[in-house]
Amino acid sequence: MAVTINGNGTITGFDVYASTGSFKAYLSEDQAETLNADTIIPFDAELWDTKGWFDPSTHRYTPQIAGYYHLFCSAGFENITSNENRKCMVKFKKNGSSFISPRGRFALDDTFGTIYNPMTDIFLQFNGSSDYVECFYNTNDGNIVGGDLTTESSVGSISNNVVTQMWGYLVEPS
């Protein structure tokens, strides 16, 4: 299909979102924590997945267009039993391996309360076939928060909108 611009400046013939490969996955229920270990966040539901590249059964995003992607991960932690030097951290692993990755982290003290929501983001290059990414958490207290993201009213009821989710999109094909 040809791209055209009419006399009013309207562009037709393409869909700017057709190849973005965007998704948003979330954790639908609270999970008991695994302490002091990198633990995969078991994202089991999707708000959207324009290309079907996120797999809720493996909790992996495997984009099928080679390029650079901007990815985000946010984990809600609640029921922190002590506020003294608690840590709640999220990070990405590509192809199952740790690499230099930004980590969203909160080292906690008595000034914060008992609900925390670290977030991290990263730009990653994918080969468009087998590369995948997963999000992990590491905490020494509390549990990760899940909840239904499908309706605005349900989001308001989830621990002050502290939700565990992962999302991203294609920035530039390579």
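This is a predicted model: local features need pLDDT of at least 70, side-chain atom pairs count only at pLDDT 80 or more; totals for chains, interfaces and linings use all residues.

Two strands are said to pair here if DSSP finds at least two bridges between them.

The pairing of β3 with β15 is antiparallel and runs over four bridges. Now bring in β5, residues 45-49, which also pairs with β3 in the antiparallel sense over four bridges; in β5 the residue opposite Lys24 is Trp48.

Stay on β3 and display its side chains. In a regular strand the side chains alternate between the two faces of the sheet. In β3, Phe23 and Ala25 point one way while Lys24 and Tyr26 point the other way, and all of these residues are buried.

Next, keep Phe23 and look for its ring partner. How many aromatic pairs does the structure hold? There are six aromatic pairs. One of them joins Phe23 and Phe54, a stacked pair with 5.6 Å centre to centre and 10 degrees between the planes.

Another pair to select is Tyr69 with Phe126, which is edge-to-face, at 5.3 Å centre to centre and 90 degrees between the planes. Here too the pair links distant parts of the chain, with Tyr69 in strand β8 (residues 67-74) and Phe126 in strand β12 (residues 119-126), 57 residues apart. Tyr69 and Phe126 are both buried.

With Phe126 still shown, select Lys94, whose charged end sits over the ring of Phe126, 5.4 Å from its centre. The charged end of Lys93 sits over a ring as well, that of Phe136, at 4.4 Å from the ring centre.

Finish with the largest nonpolar core, which has 23 residues; Tyr61, Leu71 and Met166 touch the most other members. The elements that each supply at least two residues of this core are β3, β8, β10 (86-94), β12, β13 (133-139) and β15 (165-173). Centre the view on Leu71: leaving aside neighbours within four places in sequence, its contacts include Phe23, Tyr61, Phe92, Phe126, Val133 and Trp167.

How values were computed. Residues are numbered from 1 along each chain as its sequence is written. Side-chain values use heavy atoms; hydrogens and water are left out. Rings of Phe, Tyr and Trp (its six-membered ring) pair if their centres lie within 6.5 Å; planes under 30 degrees apart count as stacked, over 60 as edge-to-face and the rest as tilted. Buried means under 20% relative accessible area, exposed over 50%, partly exposed in between (1.4 Å probe, protein chains only). A charge sits over a ring if NZ of Lys or CZ of Arg is within 6 Å of the ring centre and within 35 degrees of the ring normal. A nonpolar core is a set of buried Ala, Val, Leu, Ile, Met, Phe, Trp, Tyr and Cys residues joined through side-chain atoms within 4.5 Å. Contact means heavy atoms within 4.5 Å.
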